[in-house]
Amino acid sequence: MNCLKPPAAKAGLVLRVPRARRLLGSMEFTDDQLHRYARHIVLPEVGGIGQEKLLKARVLVIGAGGLGAPLLLYLAAAGVGTLGVVDDDVVDISNLQRQVIHATGNVGTPKVESAASAISDVNPDVNFRPHHTRLTEKNVFELIADYDVVADGSDNFETRFLVNDACHLAGKTLVSGAILRFEGQIATFKSYKGDNFPCYRCLYREPPPPGMVPSCSEGGVLGALAGTVGSIQATEVLKEIMGIGSTLATGLILYDALETEFRRITLKRDETCPLCGDQPTISDLSIHAAA
Ligand SMILES: [Zn+2]
């Protein structure tokens, strides 16, 4: 007789054992959660309080592509409680060189569905919200309303400016990333707070003329660069949620992969900025309607 086997199980009955819970900070963690997030909780800067903030956080990722892939995977693994993604594309085989959230078997399926499957495998506790649509000036406010932080991994200037303007007007923190060829950029924008925090338009006033800056499909991009830049974006999102370290809201990180060089440039609010300047001319998203 196996003495460790409970009599109820032997009799074919289901024995319900309540999952152990422990109080850390103001939140009760299950044993599963304590094990899953142990390497976070042991960090003095994170602890139970920081992990609780992550579990209660809501983050929207724009694009399930090269930057969206590491963003979604690391935010899900970190235990961000509610994770949304906006993307209207389907997985193409040419995406797989860098978009590591998608598998070969998912070619032809919507990227948000492919991402949902991967995230469920990484952390089934995440409340994942796939938004299979294109972000426009008509739906952007409704989409970002439910989230605390927006992480932009889009691949075109129209979306980048739309997200910047919407986040400023709606009062959302924006962590922005961009990649092309061997170079990447990361910045955090929370110009809605004042305090001389700049916005994306303080850096680039308006989108470049069509054709002036090549897209990744035209100019190429080193696949692993997407992992580096997307992972730094994910780190900045986690820091913003937990309120630890220095915010990147006054800085721009430039990464040159060929030279293995990181540079941090200080960004200042431009008082003549049409969005966050002293006399703003952009007070709604109508400028994007004609685009
Ligand atoms: Zn600005």
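I start with a term: helices (H or I, at least four residues) and strands (E, at least two) are DSSP runs, numbered from the N terminus. I also note that this model is predicted.

**Entry 1: glycine 66**

I looked up glycine 66 and found it in the loop between E3 and H5. Is glycine 66 buried or exposed? A residue needs 20 or more other C-beta atoms within 10 Å to be buried. Glycine 66 has 26 C-beta neighbours inside 10 Å, so it counts as buried. Next I checked its contacts, leaving out residues up to four places away in sequence. Glycine 66 touches Arg98, Gln99, Ile179, Val221, Ala226 and Gly230. I also looked at asparagine 95. It is 29 residues from glycine 66 in sequence, yet the C-alpha atoms are 7.8 Å apart.

**Entry 2: the sheet**

I traced an open sheet of eight strands. The order is E5-E4-E3-E6-E7-E8-E9-E10, and the pairing is mixed. Which strands stand at the edges? They are E5 (127-131) and E10 (261-266). Each has a single partner strand, so one side of each lacks a neighbour in the sheet. Neighbouring strands here are turned by 15° against each other on average, direction ignored.

Then I looked at one pair. E3 (residues 58-62) and E6 (residues 149-152) run parallel, joined by four bridges. Leucine 60 stands opposite valine 150 in E6.

**Entry 3: helices on the sheet**

I found helix H8 (residues 157-170) lying across E3, E6, E7 (173-180) and E8 (183-189). H8 runs at about 165° to E6. Helix H11 (residues 223-242) packs on the sheet too, touching E3, E6, E7, E8 and E9 (251-256). The direction of H11 makes about 170° with that of E7.

**Entry 4: helix H5**

How many of the 11 residues of H5 (residues 68-78) are buried? I count nine, so to speak, from the listing: H5 is mostly covered. Among the buried ones are Gly68, Pro70, Leu72 and Leu75. The buried residues of H5 pack against H4 (47-56), E3, E4 (82-86), H6 (111-122), E6 and H11. After H5 comes glycine 79, with a positive phi near 90°.

**Entry 5: the core**

I turned to the largest nonpolar core, which has 69 residues. Which residues have the most contacts inside it? They are Val59, Leu72, Leu75 and Val150. H11 gives the largest share of this core, nine residues.

Last, I checked valine 59, setting aside neighbours within four places in sequence. Its contacts include Leu75, Val80, Leu83, Tyr147 and Val237. In soluble globular proteins, nonpolar side chains tend to be buried together.

How values were computed: Residues numbered from 1 in each chain as written. Predicted model: local features only at pLDDT ≥ 70, side-chain atom pairs only at ≥ 80, totals over all residues. Pairing = 2+ DSSP bridges. Axes fitted to C-alpha atoms, helices over the stretch in contact; angles between N-to-C directions. Contact = placed C-beta atoms within 7 Å. Buried ≥ 20, exposed ≤ 12 C-beta atoms within 10 Å, placed from the backbone. Core = buried A, V, L, I, M, F, W, Y, C linked by C-beta atoms within 7 Å.
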